[in-house]
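Have the structure open while you go through them.

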Amino acid sequence: MIDSETATQEKSSKDPYLLLPFRFMRFPKSKILLVNEVGEFIFLNTTDFEKLISYKLNNGSELYYDLKAKSFISDSDSELPYRIDLLATKYRTKKAYLRNFTSLHMVVITLRCNHRCNYCHASSQDADAQKFDMNIETSRKVVEAIFMSPSPYIKIEFQGGEPLLNFNTVKSIVHYAEKVNRQKQKYLSFVLCTNLTLIDESILRFLKEHDVLISTSLDGTKDIHDANRILRKGGSSYDTFLEKLQITRRVLGKDKVSALMTVTKTNINQLRRVIDEYLNQDFRGVFLRSLNPYGYAKKVTGEQLNYPINDFIDAYIDAFEYIIHLNLEGRHFEEYFANILFTRILTPFSTGFMDLQSPAGAGILGTIYNFNGDVFPTDEARMLAAMGDNHFCLGNVFNNSYQEMFNGTTLRNIIKQSCVEIIPECHCCPYQPYCGADPVRAYSVQKDKHYVGHIPTSEFCKKHKAIISYFMKLLEQNNEDVMNVIWAWITKRDINELKLS
Amino acid sequence: MENIFAFIDDNKILIRLKKQFYEKLAIFSAAHKFTDNFIVKIDEIDKQTVGIYLSLKDSRNKELLKSAPEEFCNEVLDQQIRLDIEKKYGPIRDIIVNQAFSPISITDLKNEIKKKL
């Protein structure tokens, strides 16, 4: 154990090296993890850590050179400007997602849906409730607001409800956006989030013509999928989904369709079966997404859907280990959330995952336009409005200018309070460069009107800390086979290309 | 270790720390971390000593109370180390962030370092 006297002693002579900024935490087996401002990390034993902070490291040792290479120390005052410039460049790269402002624009085409999923946080409406459709006039104002974003990349993601129930508006938006873009010249792309059950050849021809990608939902095998994804007219959602998936892949191509799943109490102890189902249906990966406490999921009782966060953590780790095992057996299959985190840990690059950013990606990375033209910084904020709390509404495309919505006090206040650098507990956490804040959750779940929340009791923190800690443990073990799998995911290469011969 | 803490009752413990070794910020940062399972009160025992009272939120979790003193001592030590290290490199962090987000040259960077350190 490090004693306080050693740690706090004053230096009586010039320091042999300079410490550069880092944070640290204790790990099992007397290890200490150090992470610097740009996410570079190193594990030390307690003796070496004590030497480091007491300026007693041997400047010819391998450890000294490792620490220098990773910018934990600087040799001298004269070297310091170059070290700082290097760190500044990496810092700027890590925060690159801030550079362009909002690139992801989610458009709620309708609240109508032909399903009534138990965990739906969109709080969908009956399939014939057309008053919940986005009309053409609103959709044009939405497109005009979208193209006010300074980002050179614009991704329009159609959501619902089930967008295919209002496909005319989808088509109208695609046509109008392409027309506007002839002048704006941005990198424009489209994604359709659909349960696929209403798709047909004519819709698919349109999607193919305009290169629209598909994001769909598959919760697992038939019994798991049908348990919570309920067709309003009855029958098996899974059976119809599979039939439509085949048609969709035939027309669009397999790589144009990806799937998401939601972990509920139904499948949390069966994630290996879920993964097998994804493999059987020829998907290349899965995002193991925990339940969000919004919409129907909040109304439905805890016994039916929800689970303690520790159960999710255990299930996630088990599923991840199973996926690694499958990869080592020669089947390329990713866990997408793990890929995002490993990219943040092992590379200097920014990853645009708005649910875990600092400052939060709410509004500045992605935003959502409701069927009636109301604009929200996240889908969860929109859900709060559906449950009666309009706190996070940024404005409406008919009544408010782009500046009022995206440079107004509502969004600025959210962003100001969502920097982990200043949140108690987060401020000293070594996972800071990899993590982020969720101001809407802090407000909604932890009832904090300042959007910060209470980190020691935050399930959001608990989940991310546990998963990142597990990944750091893997990196510390540095098993070659496991690292090959991780790097194959990050670099999008075949694992055999990475193996040392 | 026994002089550092004392059980007030079945659900409450008092940890005594010398102000000479631990700054207020380190103690508060450590105490905040324990607010998941404990109600925390910080008070002065005497001019040299600060007392941290940890009361269990849920009296069924008595095993947490047993390990709390040692965990708290380690945590406040870590927080103090963080503060001490921060005093040495804190200005460097400011320079990194400024350099990252403003178009200043290497020459100016040297002056900036001279000013802050």
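1. The lining of the largest cavity splits into eight nonpolar, five polar and five charged residues. Keep in mind throughout that this is a predicted model. The cavity holds about 210 Å³ of space. Of its 18 lining residues, the ones closest to the centre are Lys94(A), Lys95(A), Gln432(A), Pro433(A) and Tyr434(A). If you go looking for others, the count of cavities of 30 Å³ or more comes to one.

2. Next, the second largest pocket, which has about 1,400 Å³ of space. Which residues lie nearest its centre? They come from both chains: Met25(A) and Lys465(A) on one side of the list, and Lys33(B), Asp36(B) and Glu71(B) on the other, out of 42 lining residues. Strand 2 (22-27), helix 12 (309-328) and helix 18 (459-477) of chain A each give two or more residues to this lining, as does helix 2 of chain B. Helix 18 of chain A makes the largest contribution, with nine residues. By class, the pocket lining has 18 nonpolar, eight polar and 16 charged residues.

3. Now the interface itself. Chain B puts 31 residues in contact with 36 residues of chain A. The area buried between the two chains is about 3,100 Å², and carbon and sulfur atoms account for 68% of that.

4. How many salt bridges cross between chain B and chain A? The rule finds two. You can check Asp78(B) and Arg26(A), whose side chains meet in a salt bridge with an N to O distance of 2.8 Å.

5. Which parts of chain B do the touching? Helix 1 (24-33), helix 2 (62-101) and helix 3 (106-116) of chain B each supply at least two residues to the side that touches chain A. Helix 2 of chain B gives the largest share, 19 residues. On that side of chain B the classes come out as 16 nonpolar, seven polar and eight charged residues.

6. A few backbone spots in chain A deserve a check by eye. Gly160(A) and Gly161(A) are joined by a cis peptide bond, with omega at about 15°. Gly161(A) sits in the loop between strand 7 (153-159) and helix 6 (167-184) of chain A.

7. Another cis peptide bond links Ser358(A) to Pro359(A), and here omega is about -5°. You will find Pro359(A) in the loop between helix 13 (336-346) and strand 14 (366-369) of chain A.

8. Last one: Leu196(A) is not a glycine, yet its phi is positive, at about 75°. Leu196(A) belongs to the loop that runs between strand 8 (187-193) and helix 7 (201-209) of chain A.

Methods
Residues numbered from 1 in each chain as written. Chains lettered and ligands numbered in written order. Predicted model: local features only at pLDDT ≥ 70, side-chain atom pairs only at ≥ 80, totals over all residues. Heavy atoms only, no water. Contact = heavy atoms within 4.5 Å. Buried area = accessible area lost by both parts, 1.4 Å probe. Salt bridge = Lys/Arg side-chain N within 4 Å of Asp/Glu carboxyl O. Helix = DSSP H or I, 4+ residues; strand = E, 2+ residues; numbered from the N terminus. Nonpolar A, V, L, I, M, F, W, Y, C, P; charged D, E, K, R; others polar. 1 Å grid on protein atoms, 1.4 Å probe; cavity = no way out; pocket = protein on both sides within 12 Å on 5 of 7 lines; lining within 4 Å. Points joined across faces, edges and corners; volume = space filled by probe spheres on them.
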